[in-house]
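Good morning, everyone, and thank you for making time for this.

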Amino acid sequence: MVQKTASTNGSTPALKPKDFASDQDVRWCPGCGDYTILKQVQNVMPGLGVPRENIVFVAGIGCSSRFPYYMDTFGMHSIHGRAPSIATGLKTSRPELSVWVITGDGDALSIGGNHLIHVLRRNVDLNILLFNNEIYGLTKGQYSPTSHEGTVTKSTPMGSLDHPFNPAALAMGANACFFARAMDRDPKHLNEMLIRTHQHKGASLLEIYQNCIVFNDGAFEVYTDKQRRSDTALYLEHGKPLVFGKEGEKGIRLDGTRPELVKLGEGQWSESDLWVHDEKDAFKAYLLARFFEDNRHEDRLPRPFGVFLDVERPAYDEIFNRQIEQAYEKKGKGDLDALLAGEETWVVK
Amino acid sequence: MSVKITEKDDVTIRFAGDSGDGMQLTGSQFTNTTALAGNDLSTLPDYPAEIRAPQGTVAGVSGFQIHFGSKAIHTPGDSCDVLVVMNAAALKANLKYLKAGGIIIANVDGFGKRDLSLAKYGPEDKPLEQIQTSGYGLIQLDVTKLTRAALADTGLPPKDVDRCKNMFVLGVIYWLFSRDIKVTQTFIEKKFSRKAEIAEANVLALKAGYAYGGATELFSERFSVQAAQIRPGTYRNITGNEATVIGLAAAADKSGLPLFLGSYPITPASEILHGLSKLKHYNVRTFQAEDEIAAIGSAIGASFGGSLGVTSSSGPGIALKTEALTLALMLELPLVVINVQRAGPSTGMPTKTEQSDLLQAVYGRAGESPVVVLSPESPADCFQMIFEACRIAIEHMIPVMFLSDGYIANGAEPWLFPKAAELPQIKVSFAPPREPEDAPYLPYSRDERLVRPWAVPGTKGLEHRIGGLEKEHGTGNISYDPDNHHQMTLIREQKRNNVAANIPEQKIEEGPESGKVLVVGWGSTHGSIKAAVNELNAEGLAVSHTHIRYLSPFPQNLADLFAKFETILVPEINNGQLIKLLRDQFPAFTFHGFNQVKGTPLPVSALSDAIRRATNF
């Protein structure tokens, strides 16, 4: 056993993050949040224990979907919204590959909404990174399905009328087994979430808040600027109470099934009264998904970051291939001559 | 009592009844028995799109026509000799298909007051009596009563007893045509192997019908049709969709590649998904996707991973797949796209046949998007042409469209099937792994046929990115260079055209090699054209037939064939699509069209007239 490990190490020199960077110039706008995400993805790759040739990035269309060109792995920049379906065909036919889907809020939730919900419900073992910047960037600034109501853009000069999608709630509705949220401005946490996304067997959806510096700058500032972030961002940790605030003075307790924002240290509530995060609890994950208030206003429920839900259900690609094995076990390898002849034949002399 | 038996060269029977009467099953059973008796045959199922249209109405009538004979049979027949009707609506919908002097076998139980009213006959109408005075032969059977009497001792509930009515009728028809009931008996026993009492009841009804034919004096004669003089060998009966399924499994076997079908159910293509889903032990994987786009997307993903990606649909679904098809074309991956054409546009007539997606297949995409287009000419030919589609897709790294249609898909004919060992191997070459010291891998380098290498994930040293953006020749990197785009456009076109060097030459099938009229067909009109041309040749009118199965690119010698004829007639079940391609590519010749868009195969009689007229052009 020891020998085997040694020889594996000997024949494959350890790769470094830079080994995952392709020779292509990265062409996102200077200051785009995508750079940080690319860097963190390249950072986590060497540690995954997957040979580089077994890693595939499949993207749709949009700024984020240029991602595969910058990774020195196998990659496909496909068509708008369809990456999950292409990745499904690839993963089911080649289950040994590590397949990552790169998508944006327009790609995944507007034109490709159908494929996203179906890939989640089927639970195909894919790592789906949803770069959410709440705007259409590549087409130069129209509102997206995650833009706030009233967003003024080129196509909505009087403000958008659309109510935004809540990706976490959508994932729960599609019976996703893994949902997490991270943001570009917190690379350390993002790094950790990328690893968790990879570790989960089945469809993993990681929503990443990503700043579009040109068309929607500051969309997530309320969760990132030093003044406000501790009051608006709630970092989830498995087994830990939901605590936030500058001094950890705020918490969430459950009043029946209703989450309530409470102040700690004032005598009424203490940490032992708080909701303890359990990422294996799908019921609680549904409630967390509803934490979707406009945090530009004060005293709203904070926006959760981290792993909402991480539960197991058989991965589609696994059961898909098991069924094929069962067919072989039951019927043996198909005899082409028998198939050609069918059940009834006759001879003409 | 013995009834005289009359020999016939060929007979056409049409079974018609309510959707719930089991006419498709009756027809296909008669077909299997007829095939095993050695007749040549051709069939045409004709059913409504609704699973159960209102019972007893004309809209709910389901029909099945079979033309069989001791001579070569090319079409299901323009009209029938024998019409079997289970109710008044079936008579109303189908009387127009009965030849003058033909025989009607009617279930009188389906001609009650209510049945007549549902079929929209007037209160004074007595359609069966009117028939007798119109020179048709009429055999009246009270099928319900007779079946109930035959099954009286089974103890089955009336609902189950009445479900055996079609087997009683089939028994009568078997007697009338001097056929053995054994094939159907075996089929029933197998189909209901877990419901012994149902199997027994159906067999009882079948036998009772057969006995009834002989015991009554309803029939003054019986018929027999001798085995056909066809090429010696072992035959089976096959429909187009079945042949397509087997052809795909054969291509998986002969290429050694897993076959991956991504599909979304649609009439009349769904049987391909059903058929392949049973063949998992033939290295076949099937995926029922959430929509048409995901279906082709999954097939492209599988092809990227080194499987043979296939997607199957019909016209409206193909329209949805179009953008993804252009991606496959840009990625230069093997992909087979099956279009079982139906009457369009939009939802059109889903269960009716048409050849109107040819221009969509050849031209109907954004940008300059050349793909290969093939079309089978008959149900059995689906086997060879889908195999060809797979071979070309793999050997040329290109999407191939396979244009079947509703008539070919559901129609059946005898098939002199090949042995597995006789089928050619399909050559697959994956790009080999590379070491870090090797020269950089160029995903868009090309061989002499302009085919790029197939480099699948999991191969060391071949990490590369492909996508829908224009690529630089050789490296495959994104390129907006004007000259590069021009060059790549021409390369993709030439690459498709190079397929012409890898397909058979076009041949004259019937009639002289040169002369007055050449009839040029494609797809499911083959049988009608062949029958019409044979008929005219027998009359002494020298006309010829060639059938194009490779539609894009065309065979290289096509112009040489055209040059040997004075007039070229192009019959199609559309408003003139092949003719547009021919006029575009062969401007030196004059082409005349003959077009009918009725959702049915071209009638031989109308076609013969058109060809006769063409001899006077």
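Predicted model: local features only at pLDDT ≥ 70, side-chain atom pairs only at ≥ 80, totals over all residues.

**Two chains and how they meet**

B:L450 has a positive phi of about 75° although it is not a glycine, and you will find B:L450 in the loop between β16 (412-416) and β17 of chain B.

There is another residue of this kind, B:M397, where phi is near 50°, again a positive value in a residue other than glycine. B:M397 is found in the loop between α15 and β15 of chain B, and it counts as buried, because it has 23 C-beta neighbours inside 10 Å.

While we are on the backbone, let me also point out two cis peptide bonds. One runs from B:G344 to B:P345, with omega near 0°, and B:P345 sits in the loop between β13 (335-341) and α14 of chain B. Another runs from B:S552 to B:P553, also with omega near 0°, and B:P553 belongs to the loop between β20 (550-552) and α19 (558-562) of chain B.

Now to the arrangement of chain B, whose domain assignment gives domain 1 (4-224), domain 2 (236-422) and domain 3 (515-614). The C-alpha centres of domain 2 and domain 3 of chain B lie 25 Å apart, and the contact between them takes 22 residues from domain 2 and 21 residues from domain 3. On the side of domain 2 that touches domain 3, the elements giving two or more residues are α14 (358-363), β14 (372-374), β15 (399-405) and α16 (406-410) of chain B, and by class this side has 13 nonpolar, five polar and four charged residues.

How many residues of chain B are in contact with chain A? There are 61 of them, and they meet 50 residues of chain A. Helix α12 of chain B gives the most to this side, with nine residues, and the side as a whole has 31 nonpolar, 18 polar and twelve charged residues.

Turning to chain A itself, it has twelve helices and twelve strands, and of its 349 residues, 46% count as buried. Take helix α2 (residues 34-44) of chain A, whose buried residues are A:D34, A:I37, A:L38, A:Q40 and A:V41. Seen down the axis of α2(A), these residues fall within an arc of 165°, so they line one face of the helix. They pack against β4 (127-132), α7 (187-199) and β6 (204-209) of chain A.

Finally, the interior. In soluble globular proteins, nonpolar side chains tend to be buried together. Here the largest nonpolar core has 192 residues, and those with the most contacts inside it are A:V58, B:C390, B:V400 and B:F402. Its largest share, ten residues, comes from helix α15 (residues 381-396) of chain B. A second, separate core of 61 residues includes B:F68, B:I105, B:A106 and B:C164.

Terms used:
Residues numbered from 1 in each chain as written. Chains lettered and ligands numbered in written order. Domains from an automatic or database assignment. Contact = placed C-beta atoms within 7 Å. Helix = DSSP H or I, 4+ residues; strand = E, 2+ residues; numbered from the N terminus. Nonpolar A, V, L, I, M, F, W, Y, C, P; charged D, E, K, R; others polar. Buried ≥ 20, exposed ≤ 12 C-beta atoms within 10 Å, placed from the backbone. Arc of directions from axis to C-beta. Core = buried A, V, L, I, M, F, W, Y, C linked by C-beta atoms within 7 Å.
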